[in-house]
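Work through the exercises below with the structure open. Each task is followed by a solution in steps.

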Amino acid sequence: MLHSFAMLPRMGPYVAAELVAPSVLLVGALSAESVFGAPGAAAGWGLLVLFLAAMGLRLRLRQDRMHRWIYWWGARAASLMAAAALYRTWAAHVSGPAFGGGPVTIGQVVLVALVPQLLILAWAHWHGYGPRGLSVDMLATLCLTVLAAGLGAMDGQDGSWPEITAVALVVAAVAVLGHVVAVRPDGALAVAWASSGAMSLVALFHVGDRRTLEAALALIVVAAASCAARAVQATLRGAHFLLARIAATILAGVLVTEFTKSPAVLSLAMAAILLLQWIAQWVAMRSTFAAGGEPHILRSSVWLLLAAQAALPLTYLLEAGGLGAPAGHRWVVVLELGLLAGTSVVARQVFRARGASYLAIAAVVGASATVAPVLWPGATALMLTGLSAAAVAWRCVHTPRKAEFRWYWAAAVAAFLLTAGAVDSGAGVGIFAIVWLVAGLALISGAQLERLPWMALPGALAVLWAGVLVQAQVFDLTGRAGLSALAGFVLVVGALYLVRLVLWDLVPASPKQLWSIVGVALGGGVLFSLESMVDSDVVLVGAAAFTGVAALACVESPPRWRPHVVDAAVLASALAWFRASSVHVDLGLFWFVEWVALALGALAVLRFAGKRVEHGRYLLIASASFASLAGLLTVFSGNTLQQLLSLLLFVALLVGGLALGERIFTVWGAIGVATTVLWYLRGYTYVLLALLALGLIALAVWRLNRKKPSEGAAQPRQAQELP
């Protein structure tokens, strides 16, 4: 030892003699335990520590710092071995070493031994006494500290004072090192980041030990806040500010568990703490708050807060054993989800967190699923349907300027309506009809607002299905098929035509959208009106509804096809009214034929009025044919009213032919009138003979008036000429 100490070159280069004593002492320390046991090893390692420290002090004036630090590194390594040997010596003389009423472990001793090393590294970095690569030394020491803390946590001495003291000392030492590097980085910023991670890991190792965790978290809060205030790099400040907030939140939660074991109280307390964190977030994002650090980290902290709020109800359910357990209260979950919905909107509007408002949709869905089992069937579905309708109305009156909000309303409507069907399956058919109605109107609105015409047809079909559900609900309540069909008719035609008249009169729509709405409305109206005519009590109303649909079809049809649609509408309406009248009056084949004749005659009049003579002639021929058939039917089973109606139709045909100058209809009408009159007077023979005689006399007079004079007749005398 004296030789190595004396030969140590205080100003010159390395010499081989300085290695003699350290080598001998190292071998002696390693051999002492096998000869003298733990006390001998402690003495050997202690002597090596003293010698290496003295050698390092002797070289303090050298410019070559690496030479001196080699001795310091050796002394630090030997000090850890000496601490372990001292603990074994203590354990050999005392059964179960204890301090302050708690057991002491070798891991705790090693942690305490690392404390001065961390402080020395911090002092050296602060004063600039370290060699090149000092940051590697600090990182290695931090890794060793974390390893020792992890091994010490496995000893199972939770809550003891020695454990709390050891963890607190090492966390404080790591905090000092991290603070020094954060304030004076000098190329060692990695150490500042590593120190934060080391403190967090040490605290994480003692999650099961509440008191030790509290001490570690308290120190982390202080250390992180100090670095957030004084660190030179903005990113480092922001990260430490975030770490301080996280540690403070966890510490508050742990402290709450000291006073109560109720999961509900603990969950609500954490919810209140997270609300306070939003205030801290707002303060941090102010431009004058330098400790906030990097804006990107602050924006990330917004999402961390939202994630913590989203996880809070799930954590409560796990702690309480579910909603069915005695400690599970639905109102706690609903309250926390309500807070999440509110803060997510605030996060988007105030803190500009893109997409955060979508969490409000998830929160509403979760709250609805929570309360649905305890409300009367249909209440949850109605509430969600109302929210969906509000979302559609919001989109109709408001055009989002941000791309992220383009489909916000659609996501809300889809989530709410799907949730309504999933969590409130016991609701009545009528309530689900409202759900489908809102879904259909949402799709139709989306087709117009988002310029997606293909959405109109599914929307119209959804409204049609809503009409079917309304029909089923009314039938369950009244037992009347016709009335229930009319209810479905009113819903489908009314809703779709309300959209047709309001929406498309305000904003132009594509033909695909228009015909999707109109086609389903007219088709559904026809089906429901025909179905309502099955009920004799409302058959006339059903016929009127069918006629209204036919009139709408005439109005909506393109000009090119409108005449044909009008023909079909008039004939179909005539048949519908014949069916409705047949329910109350016993009509036979004659009246059916006359009904068709009148319908065709009305169409013919419309054609002649529209200057379409050719089509009118064909229709009038068809009408006259049916009128003739009806007149023929009176021969077999006609009464006075039927005979009179046939006569009137032929008179109308005669007058029409004369008015139009159509010879065929004039002759047809005259023949019909004559035939009808003769048939009516078939029982009066003398009258028929008199009419026949008058007819023959009239024929003879007519023929005589048209006959030319004979050639042999005398010519009239000419007047004599005057001389």
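**Exercise 1.** Locate Leu-147 in this predicted model, and classify Leu-147 as buried or exposed.

Solution.
- Step 1: Leu-147 sits in helix H6, which covers residues 134-153.
- Step 2: The relative accessible area of Leu-147 is 52%. The cut-off for exposed is over 50%, so Leu-147 is exposed.
- Step 3: Together with Leu-144, Leu-151 and Met-154, Leu-147 makes a nonpolar surface patch of about 430 Å².

**Exercise 2.** Describe the surroundings of Ser-484.

Solution.
- Step 1: Ser-484 belongs to helix H19 (residues 481-506).
- Step 2: Buried means under 20% relative accessible area; Ser-484 has 1% relative accessibility and therefore counts as buried.
- Step 3: The side chain of Ser-484 reaches the backbone oxygen of Ala-481 at 2.7 Å.
- Step 4: With neighbours within four places in sequence set aside, Ser-484 is in contact with Gln-471, Val-474 and Phe-475.

**Exercise 3.** Find which residues have the most contacts inside the largest nonpolar core, then list the contacts of Val-413.

Solution.
- Step 1: The largest nonpolar core has 69 residues. Those with the most contacts inside this core are Trp-278, Val-302, Leu-306, Ala-347, Val-413 and Leu-496.
- Step 2: Apart from neighbours within four places in sequence, Val-413 is in contact with Ser-388, Ala-391, Val-392 and Ala-442.
- Step 3: A second, separate core has 53 residues, including Val-146, Ala-182, Val-202 and Val-254.

**Exercise 4.** Determine which parts of the chain are linked by the salt bridge between Arg-395 and Glu-450, and whether the two residues are buried or exposed.

Solution.
- Step 1: The closest N and O atoms of Arg-395 and Glu-450 are 3.2 Å apart.
- Step 2: Arg-395 is in helix H15 (residues 379-397), while Glu-450 is in the loop between helix H17 (429-449) and helix H18 (456-478). The pair links distant parts of the chain, 55 residues apart.
- Step 3: Arg-395 counts as buried because its relative accessibility is 7%; Glu-450, at 5%, also counts as buried.

**Exercise 5.** Carry out the analysis of Exercise 4 for Glu-556 and Arg-500.

Solution.
- Step 1: The side chains of Glu-556 and Arg-500 meet in a salt bridge, at 3.5 Å from N to O.
- Step 2: Glu-556 is in helix H21 and Arg-500 in helix H19, so the pair links distant parts of the chain, 56 residues apart.
- Step 3: Glu-556 counts as buried at 15% relative accessibility, and Arg-500 is buried with a relative accessible area of 16%.
- Step 4: Elsewhere, salt bridges that share partners join Arg-395, Arg-406 and Glu-450 into one network.

Definitions and conventions. Residues are numbered from 1 along each chain as its sequence is written. This is a predicted model: local features need pLDDT of at least 70, side-chain atom pairs count only at pLDDT 80 or more; totals for chains, interfaces and linings use all residues. Side-chain values use heavy atoms; hydrogens and water are left out. Patches are made of residues with over 30% relative accessible area and no salt bridge: like charges are joined within 9 Å, nonpolar side chains (Val, Leu, Ile, Met, Phe, Trp, Tyr) within 5 Å. Accessible areas come from the Shrake-Rupley method with a 1.4 Å probe; for residues, only the protein chains shown count as cover. A salt bridge is a side-chain nitrogen of Lys or Arg within 4 Å of a carboxyl oxygen of Asp or Glu. Helices (H or I, at least four residues) and strands (E, at least two) are DSSP runs, numbered from the N terminus. Buried means under 20% relative accessible area, exposed over 50%, partly exposed in between (1.4 Å probe, protein chains only). A polar contact is a pair of N or O atoms within 3.5 Å; within protein, one must be able to donate a hydrogen and the other to accept it, and residues adjacent in sequence count only if both atoms are side-chain atoms. Contact means heavy atoms within 4.5 Å. A nonpolar core is a set of buried Ala, Val, Leu, Ile, Met, Phe, Trp, Tyr and Cys residues joined through side-chain atoms within 4.5 Å.
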